[in-house]
Amino acid sequence: MIRRIKILTLLFPLFPLSIYSQTDWVKWEKTNFDYRKSSEYRQRDYSYDNDTTAAQYVVKTTANAYWYFVSDLDGDNCPFRPSCSAFFVESSKQTNIFQGTLMFFDRFTRDINIYKRHKHYPHIKDGYLYDPVSLYTLDESKINYIPPSAIIEQQ
Amino acid sequence: MNIALLLSIILLLISPHYSQTENLDFNSPANIRLFADHLYCEKDYLRAILEYDRLLEMQMNDTLLYKTGLSYSYMYDYPSAAQRFDLIPPSSPFINQSRIEWLKAKFLFGDYPKFKLAYVNQFVGENNKYQSEGQKLFNFSYLFTDEPLPSKEEFLSPFEINEKEKVSSFYDWKVDPPYKSSTVAGIMSAIIPGSGKVYVGEVSDGIVAFLVTGIFVFLAYDNFQAGHTTRAWIFTGAAALFYGGNIYGSVAAAQVHNAKITFEFNESLNIYLKKNNYYSPAYDFCK
């Protein structure tokens, strides 16, 4: 009898504990967690949905061809975000095909320069260097200077 | 034996109900105040404001109003901070401090024309310590805008002797900022590829631009010499694009350089002002 009471005494506090320990009421289940880094390289937009002019079609076709035949096979090697090809598409869209081409060749020259990259550009959270088109359109009102020490949360 | 055991179990089960011997009223004004002060000192300003507001609903208190104003200010909610400082009655011992904090909130909100108007309406004509501190902020606001600056003597007049050297360097910078001309950068790169980039301080970019353009020019020249016309024209095209891109890039680099200079200037102004607490009195309610 004493033994039973002892067991009951020990068990009794366990019941209220089990009632109040459950703080969330959603069933726990297996989640499919993706450990891969999200990358612009894997989410390329090949569509022509936002291209309205003939020049934009030409630029986008050039970029699509480069992505399909070269970059997708070669891998994600550009240290910048947006990547040089995406920079070309974006700069042509924001300005015009001639200015966009000049901006692309300037970007490409800066891409070749392997010195002081990390001291010169801010980083995106996943490690790429942030170098947006808005800095180079020659429209001073669009320039939003970000110091190299800054970490950009999103592209 | 069994009864004794049963009694002790019953006692054990009942005892938690009576373990709370002190009958605390957590919602009494004194305890709300203690809790709010604790939150304030823990820098949990949002919740501190909520607790102070509960007290302010019961009774108006200028110290609490002042602390809520400071809390909003620490949370970068400057319009709400200014609103709170505005509510402090003229009879309060905090009136002068709250006025300078109010001015500071207006300044930090960044609407400098409104800040200047507020200073002129509220501070000009007085002759006390707070007017002088307000004028220092007023003069600093010139450095954040493109308005014409007053004369150097007039600008430096409210500052102490030990401040004048630093403030004078800010003034000189504003009068003659170390900007680079985008036109000069473009012309230089047109003459010698890459030199415009060197001029704006991008030395390695300039050297790379010079080498890339030079290599393509050489390849074009060499292929023309060798009679490989098609290849020569391809290299000529590439050289022209790199050359044009470099001129364009030098102009853009000068603009980015100037934006960087302005950014760094504003940063150094902000650091200096923050170090001086924007000329408002520093209070430690948590000592």
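**View 1. Chain B and chain A bury about 2500 Å² between them, and carbon and sulfur atoms give 73% of that area.** Buried area here is the accessible area (1.4 Å probe) that two parts lose on being put together, summed over both. Phe242(B), Tyr248(B) and Gln255(B) supply 26% of what chain B buries against chain A, more than any other three residues. The contact (heavy atoms within 4.5 Å) takes 27 residues from chain B and 28 residues from chain A. A quick note: this is a predicted model, where local features need pLDDT of at least 70 and side-chain atom pairs count only at pLDDT 80 or more, while totals for chains, interfaces and linings use all residues. Residues are numbered from 1 along each chain as its sequence is written, chains are lettered from A, and side-chain values use heavy atoms, leaving out hydrogens and water.

**View 2. Asp106(A) and Lys197(B) join their side chains in a salt bridge, 2.8 Å from N to O.** The term covers a side-chain nitrogen of Lys or Arg within 4 Å of a carboxyl oxygen of Asp or Glu. Across this interface, the rule finds 1 salt bridge.

**View 3. Cys41(B) and Cys286(B) form a disulfide, with sulfur atoms 2.2 Å apart.** To count, a pair of cysteine sulfur atoms must lie within 2.5 Å. The link is left-handed, with -100 degrees about the S-S bond.

**View 4. Cys78(A) is in no disulfide.** Cys78(A) is buried at 15% relative accessibility, and Cys84(A) is buried at 8% (buried means under 20% relative accessible area, exposed over 50%, partly exposed in between; 1.4 Å probe, protein chains only).
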